[in-house]
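Open the model in your viewer and keep the selection tool at hand.

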Amino acid sequence: MIVVQNVETRSPSRIRRQKKILWGVLFGLMVLIYGSHAPLITLTKVDGQVPFNPSSCVLMIEFSKLLVSLATLVLTDGTSALPAPPHLIRMAPYAVPALLYALNNNLVVLMQAYMDPSSYQVLSNLKIASTALLYSFCLGKRLRPSQWLALGLLMCAGVCHSYSSLDLGDPRMFEAEEGPRLHITAWGLFLVLVYCCVSGLAAVYTERVLKSQKLPLSLQNLFLYVFGVAINGLSSFSFITGEKSFLEGYSGVVWVIIVGQAANGLLMSVVLKHGNGITRLFVISCSMLVNALLSWAMLGLQLTPFFILPVSMIGIAAFLYYR
């Protein structure tokens, strides 16, 4: 007697459709978290100042990602892939992204002395170009001319969005009053270029490491965030002064920021492991639009008709790149 099991087979088209839905949900979550970051920080401010220690917040985010990675590793029985003790040669590459991201965090603070925040906001969009160039050069990914055009539009959309948010004011008022002006020094421009290159290199290197080693993603995240906690911990405790304790000023909104940014970091690992770093650029660009909409809804900031231009450019860029 021959028994034929009724095995449900899914067609390739259905599998592709399900993958697209999952990637769409993942993309939407990341855009929402990225876009809500700045408005949430604004909500925490007391008398125009952030009441908590930013370096301690970064450390808590890294520690949260480490705990989630460890829990995922145990629950999925990924510990079987963990050598005892872990080989240093496997762990060492994960120290590089932690160092690069720590360097970038310090560069952001350092650059403020050589330019105004608005100039930084505009010029930081150059990291789209640096990431794309490094992605093509270091990973050997050849992009079509239409994809290069799409990334160019994406960078222009970021510049347009940043420029539209500048409060240029009346030049005569700046002459009459002493106030913040748009300015940037040659040293500041150099630091911006270094920042953009380091940002792109960190993303490209992380993607290369995650894809080159045949290890569970939870284990790779564990290696990555062990170094992240160690490096940010040293940075955090070295800059803590007597004015603010480690958890001083933490509110419910601050904990929401920590949870959101930790989730976003873990989701980004999924993108870099199973997708590519270019998707990260689209996430960042689309998050600018969510940022503007949330700032309008939560903080009462006014949107100008100029806002339609970057929205259109991002839509065209996505069509050109993924068609």
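Start by selecting Y321: its relative accessibility is 6%, so Y321 counts as buried (under 20% relative accessible area; exposed is over 50% and partly exposed in between, with a 1.4 Å probe and protein chains only). This is a predicted model, in which local features need pLDDT of at least 70, side-chain atom pairs count only at pLDDT 80 or more, and totals for chains, interfaces and linings use all residues. Residues are numbered from 1 along each chain as its sequence is written, and side-chain values use heavy atoms, leaving out hydrogens and water.

Y321 and Y322 form an edge-to-face aromatic pair, 4.9 Å centre to centre with 70 degrees between the planes. Rings of Phe, Tyr and Trp (its six-membered ring) pair if their centres lie within 6.5 Å; planes under 30 degrees apart are stacked, over 60 edge-to-face, and the rest tilted. Y322 is partly exposed, at 45% relative accessible area.

A search of the whole structure finds 7 aromatic pairs. Next, select F282: its ring centre is 5.3 Å from that of Y322 and the planes are at 55 degrees, so this pair is tilted. F282 lies in helix α12 (residues 277-299) and Y322 in helix α13 (residues 308-322), so the pair ties together parts 40 residues apart in sequence. F282 is buried, at 2% relative accessibility.

Now select F52, Y250 and W255, which ring pairs link into a cluster.

Finish at α2, residues 54-75. Its buried residues include C57, L59, M60, I61 and L66.

Note on methods:
Helix = DSSP H or I, 4+ residues; strand = E, 2+ residues; numbered from the N terminus. Expected span 1.5 Å × (residues − 1).
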